[in-house]
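Please prepare a briefing on the structure shown below, grouped by topic and with the cut-offs stated for each term.

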Amino acid sequence: MVPKIKGVLLLCLMIPLLLLIQGCWGSQETDETGYILLMGFDKGEKDILKVTYQMAIPHPVEGGEAEKATEIISVEAASIYGAQQLVSAFVSKRLTLAHNRGIIISEELAREGLSKYINPLVRSRDLRRTTFLMVVKGKAGDFIEKNKGLIFEKYPSRQIDIFMTFSDVTGFIYKSDIHSFYQGLKLPGQQAVTALVGVQKEKEDEDPKLEQKKPRSYEEKVKEEVAYLPGEIPRKGGNKIELIGLAVFKDDKLVGFLNGEETRYFQMLTGDFKKSIFSFPDPHEPESSLIVMEIKKRAHPKIKIKADEFKTVIEVDILLEGEILSIQSGRNYENGELRQELENYISTFISQEATHLIKKTQEEFTSDIFGFGEYTRGFFWTWYEWVNYAWLAQYPYCEVKVQTLFKIRRPGMMVKTAPTHKY
Amino acid sequence: MKKILVGHWETAAFVIILIGAKAFLGYPRMVTDWGLTAGWLVVLFSGLLSIVFWLFIAGVLARFPGKPLTEITELTFGPFLGLGINIIVFLYLLFSTSNVLRLFSEASTLTVLTETPVNILALLYLLAAWLAAYYGIEAIFRCSYFSFPLISIGVVLVLLLLYPYFDLKMLFPLMGSGMGPVLMSSLWGTSAFSEVVLLTYLVRYFSFNPQRLKNVGVFSISYIMFFFIVIVMVYQMVLPYPTGSETLVPFYQLSRSIFLGHYFQRVEAFFVIFWTFTAFLQIATGLLVGAIILQDTFKLPFYRPLLPALTLLTFTTAFLPEDLIQAIKLEGEIRMVYGWIIAFILPIFVSLVALILRKGEDKVNGSQN
């Protein structure tokens, strides 16, 4: 009986403690909370920084359709958190970044350097490092504003989530988050990149210089099928925003862009590439026919860095496989010598493009965005020896050898093309 | 009154959780600071060295069957000097427990309970720990035994779910900060395994013999050493040096990094459960063993009446550091760097003196006869 009384007494003692439980201090009603879904940073006009927020408007579970799902607000302040606090002056919600899915940074701000803006993001207890990080060609505020009327989703957070999964099936979207960007800033063997986004250009926005560009040949059009930067895709309908390409950084400063085509080769070289649809000019009729191939990663690229006193050589073997989606000429590339010829043609084509891309990063950007330097870690016993090796300074002078090993694995649903009768 | 005895599996689970708790606070960051990319090597070397230290200490216990280290110290050095040494050990334990309480409370404030005053958090944690200590060794050991597989599975799950980040290159250069610094930090890194020595103060509660106690210690250190190595390797692959040396609560940061698509993310809430449990256990053990050391030192019949005063003392000491950074420094630059001297070297010194003065031999011979 005595233990029972003791137990009851203990319970009586513990119940008041439960009432005092620590959660009460941090209690926040759901209707008090404002969930930020997207956040954009631009240079301020009246203050240092202009922060644009796209916030969710919570809907009751039952009842009719609400008028809109999100509200866009922007405020200028000296800092990111200062802006968030200032919002409380005109928004009756306590903002939280806990459900923020993407951060968009303007090109102008990125060219000045992102270190000072990344620090509060990685330090944040609210924000996750898995939050997507993107650089916008133009202004972040415009990007969020133009994306207001979502067509296919209700919330932009989900929209960005889905877009980023396309990285695995297109290769021209790069899945970048705060974590990967921060590693790129801090590691001595690589430099940072982010996804590149933009807004569809209106007719009046179009650059007259672009209009005057000399017309491209059939072969060029095939080769450059996805060689667009955001805002350049010739299209009608759909969302107002575009995600294609890559923003290249040297240290913490934006130094250039890669278009969709180059982004695919970038991902092949880093091993992030999963699959994508490629069009190639038909080797026998380059001016009139094309071949479409779904190319997949066969294995992670084999990267070797060979260094001696005189030169450093970067050797990359890209391992791919493909499935034929279309052969316009009707030639039977599925078998025999033609197949071998096509495999060699595609291998050489990809190797040339990948080599060209590496050269571009060496000469134009002087930035090792592929992280080749990380492969030199094994040359040294200690961290300090490796850091003193100063890979990033050596990178622009390295020799590059890229080899692609491409195999056609499947011909699609046809084993050959029967000849078409011509009269 | 029923004599309380605990088995060897409960004891092993208790030691593993007690040592392992620091993986959830700053340990992966500390070894990254010491060894840079070779942080995992520091864990390996310090674990092996701790096993050697433990074998030595367990050898002394075998010379004094059934006697706790407090008593052995008094037998070896006499009542006056022995009392002094025991008080030093008690003060070290008090300092360790207080700092764990402070760090744990501060980490909770920074991560999950952001609005709660840190002293309220510390008070609530301490009250729960007091309750556990009041129920005594059996409750704490059985809780460890029960939760040990759950925590192990939880940790393994978190580590596995981080596989998209795995990049072995980040563990190179292999020797990190260099052979000298790695070996030096491995020596003081033994502080991380020093909780095993607490067993020497609890021998009278064990249902098994000193030989098995030795094996329990070796098994526990080996088991947790393996876990620490894997945790540090994963940590260094996900947050490679130098970013790995920045994080306040490494394991929490790791669990926040899990993102396996839209429907599988935000799993850190799951981690917080076993994080909290291990910290409670560590604080409760600090209170309990502290009270038992005082009981043995001052030859008191009971330890429970000491708990209120000890709880208050722990709470007050926890708030001696002015801020979190000072508490982190105390843990990383004082306790982890010099703790092994009190935890391992002091008992080894006691055993060496006992060996030289041939203390305990009669008993050993007696028992053999």
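Which residues have the most contacts inside the largest nonpolar core? They are B:Tyr125, B:Ala129, B:Ile283, B:Ala284, B:Leu287, B:Leu288 and B:Ala291, in a core of 126 residues. This is a predicted model, in which local features need pLDDT of at least 70 and side-chain atom pairs count only at pLDDT 80 or more, while totals for chains, interfaces and linings use all residues. Residues are numbered from 1 along each chain as its sequence is written, and chains are lettered from A in the order in which they are written.

**Nonpolar cores**
- A nonpolar core is a set of buried Ala, Val, Leu, Ile, Met, Phe, Trp, Tyr and Cys residues joined through C-beta atoms within 7 Å, where buried requires 20 or more other C-beta atoms within 10 Å of the residue's own, with C-beta atoms placed from the backbone.
- The largest core, of 126 residues, draws its largest share, 15 residues, from helix α10 (residues 268-297) of chain B, helices being DSSP runs of H or I with at least four residues, numbered from the N terminus.
- Apart from this core lies another, of 88 residues, among them A:Leu37, A:Leu95, A:Met268 and A:Ile369.

**Chain A**
- Chain A has 14 helices and 13 strands, a strand being a DSSP run of E with at least two residues.
- Of its 423 residues, 37% count as buried.

**Contact between chains A and B**
- With residues in contact if their C-beta atoms, placed from the backbone, lie within 7 Å, chain A contributes 25 residues and chain B 29 residues.
- On the side of chain A that touches chain B, α8(A) gives the most, with 4 residues.

Notes
A residue is buried if 20 or more other C-beta atoms lie within 10 Å of its own, exposed if 12 or fewer, and partly exposed in between; C-beta atoms are placed from the backbone. Two residues are in contact if their C-beta atoms, placed from the backbone, lie within 7 Å.
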